[in-house]
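Reader: I have a structure to go through with you. Could you take me through the contact between the chains to begin with, and then we can move on to other details?

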Amino acid sequence: MKRLQLQRWSSSVLSPRVRTGSRLQHHLYTGLRCQSTFSPVPQAENEPLTHEQPPVSPIPSPNSQKSKYTLPSPPVEAARESAKLAALHARLYLPSRLPLETLARSLVDASADPNSNFNNASLATLGHDLLTYYTSEHLICTYPRLPMAVVFAAMYAYVGPKTLAAMTREWGVEHAATPGGEVDPGFLQFKRIDPGTEIGEGQVNGTTRPNDHRRWRVSMSSRVVYDNEFGEPVQDPTKNDGLPRPLPQGVTAEQASANFVRAVMGSIYLHAGRPAAKRFFEQHFLSRHLSLTELFDFSQPARDLSRLCARESFEPPVAKIISETGRKSRHPVFVVGIYSGEDKLGEGAGASLLEARSRAAVAALKGWYLYSPLNVRVPSSTEEESSAPWKPVHVDLGEVIV
Amino acid sequence: MPVQGIRTVAAARNGVGAFILPCKRMDFHYCDWAGSSRGMVSFLKSALPSFAKANPQIEIRVSPRPHKHPVIKGHYINGREKAICVRNLEPEQIFKKANLLKEASGEKLKRTKKPVTSINDSVRGIWSPYHGDIKTV
């Protein structure tokens, strides 16, 4: 029962992370919950027993089976006994400085345990920021001419929720059927959405944009300013369009998996430091295969190319037939090149002259947009000591404005 | 808008950056009474601790399966499982079977006809009949 007193009077003694929230005080009499991802605070033997609590109290000890069922997520000391968790730690080659308790915490979603001291929300926030920072600097420095829409799509492909959910599957993490204190901490724990609930993906009502109610056309510049890193509108919890829409109680498996991967990234950063987090990012995220040429979707490539040539003060592009066969046949093939003066910008083959010309224009535009300098450095490479001073990299204007 | 982005998911390439062992769990089933489990019981007593220590990324479960032949089951990242019956086998043979399950990818066995499979584009490019010199027959 000494632990109880520690909770009662130690708020000025303990560090803020060890201190438990008001919810814990509320839970104090239903089941003592002395958990933390920190190592347990040594209890002084000479603590004065200064309060009126009788020495025998109805609170069960945290190790007992009964109290486990009252907890919303597994107790901290269960992490050391879980074979599944230890196997996951070894499978990911996580640094030994990252304790199993933190890995167990990163597997607990906020929908399973709303107490922010025991769920992965804070770790996921940190990990999300790190992931988007590392990805965006990699994309912008490696491909300095990438159009903003393609940057958004590439960010989504590298660290979007679908990719993170796929990574959770590839890491061999299984989902718990329902969260609880008695569940093995090696399972991903989240509260599922009830069947039949409308998820409403893609249509966000009440965003953080000003003039949201006017339904203005959303330009790319405003997406950069107001929207999130994937170019999606951000839901504003304070606005609800006047509709009484109750917030969903659970989360989808995709959201929970994405939060878990982000939390792992955040915990590596906290426990093992910046270089380890960077290495983890390079090994698990940048090593994935993404063909950037397949992310472009042009509507009028010939018009864009002529605007681009005008902007860069090249000679206006001219399409010329390089070779052709079977013009009068059922399957003609035209090979068209687009030239600016003497230089061939691009080439494409098609079954009609227009098709071949637009393919050639697409090839020319991709050749421009996908320019990548050699030996590129990213800003975060200067964060370590004894790294070379930062030399600014070339970042282009971006796409043409038509 | 001049250009739109198409949303995809970056494809995993296990082993290019990090390597995740596809075998995530192994179940060892034995029987205390039956003679076909004799080798399995001695394997569990002698060799399994060192096997588990050498492969920390695999979760290992040992459970009795009375009046049945001993079985090793491997569970894989892709959701499949492989089971090998190890009745009447010696501990060394069982160790080989366990290693077989450990090193398996979990996919169905299939014949590979090409020496290299790759998702990258060919460096040389694809031959085109419309480029180069005109061929005379």
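Author: Gladly, with the caution that this is a predicted model. The contact between the two chains takes 27 residues from chain B and 44 residues from chain A.

Reader: Which strands of chain B each supply at least two residues of the side that touches chain A?

Author: Those are β1 (3–5) and β3 (59–64) of chain B, each of which gives at least two residues to that side. The largest share of the side of chain B that touches chain A comes from β1(B), which supplies three residues.

Reader: And by class, what does the side of chain B that touches chain A have?

Author: Sorted by class, the side of chain B that touches chain A has 18 nonpolar residues, along with five polar and four charged ones.

Reader: In which sense do strand β1 of chain A and β1(B) pair, parallel or antiparallel?

Author: The pairing is antiparallel, and it joins β1(B) to strand β1 (residues 296–298) of chain A over three bridges. Within β1(B), B:Val3 stands opposite A:Phe298.

Reader: Changing topic to the helices, at what angle do α6 and α10 of chain A pack?

Author: Helix α6 (residues 121–142) of chain A packs against helix α10 (residues 253–272) of chain A at an angle of about 85°, and their axes are 6 Å apart. Because angles of 65 to 115 degrees count as roughly perpendicular, α6(A) is described as roughly perpendicular to α10(A).

Reader: Which residues meet there?

Author: From α6(A) the residues include A:Leu123, A:Leu126, A:Leu130 and A:Leu131, and among those they meet in α10(A) are A:Ala263, A:Val264, A:Met265 and A:Tyr269. By class, the contact of α6(A) with α10(A) has nine nonpolar, five polar and one charged residues.

Reader: What about the backbone, where phi is positive in a residue other than glycine?

Author: One of these is A:Ser386, with phi near 60°, and A:Ser386 lies in the segment after α13 (353–369) of chain A. Another is B:Asn88, where phi is also near 60°, placed in the loop between β5 (81–85) and α3 (91–103) of chain B. As background, most residues other than glycine have a negative phi.

Reader: Is A:Ser386 buried or exposed, and why is B:Asn88 counted as partly exposed?

Author: A:Ser386 is exposed, because 4 other C-beta atoms lie within 10 Å and the cut-off for exposed is 12 or fewer. B:Asn88 has 14 C-beta neighbours inside 10 Å, so B:Asn88 counts as partly exposed.

Definitions and conventions
Residues numbered from 1 in each chain as written. Chains lettered and ligands numbered in written order. Predicted model: local features only at pLDDT ≥ 70, side-chain atom pairs only at ≥ 80, totals over all residues. Axes fitted to C-alpha atoms, helices over the stretch in contact; angles between N-to-C directions. Helix = DSSP H or I, 4+ residues; strand = E, 2+ residues; numbered from the N terminus. Parallel < 35°, antiparallel > 145°, perpendicular 65-115°, else oblique. Contact = placed C-beta atoms within 7 Å. Nonpolar A, V, L, I, M, F, W, Y, C, P; charged D, E, K, R; others polar. Buried ≥ 20, exposed ≤ 12 C-beta atoms within 10 Å, placed from the backbone. Pairing = 2+ DSSP bridges.
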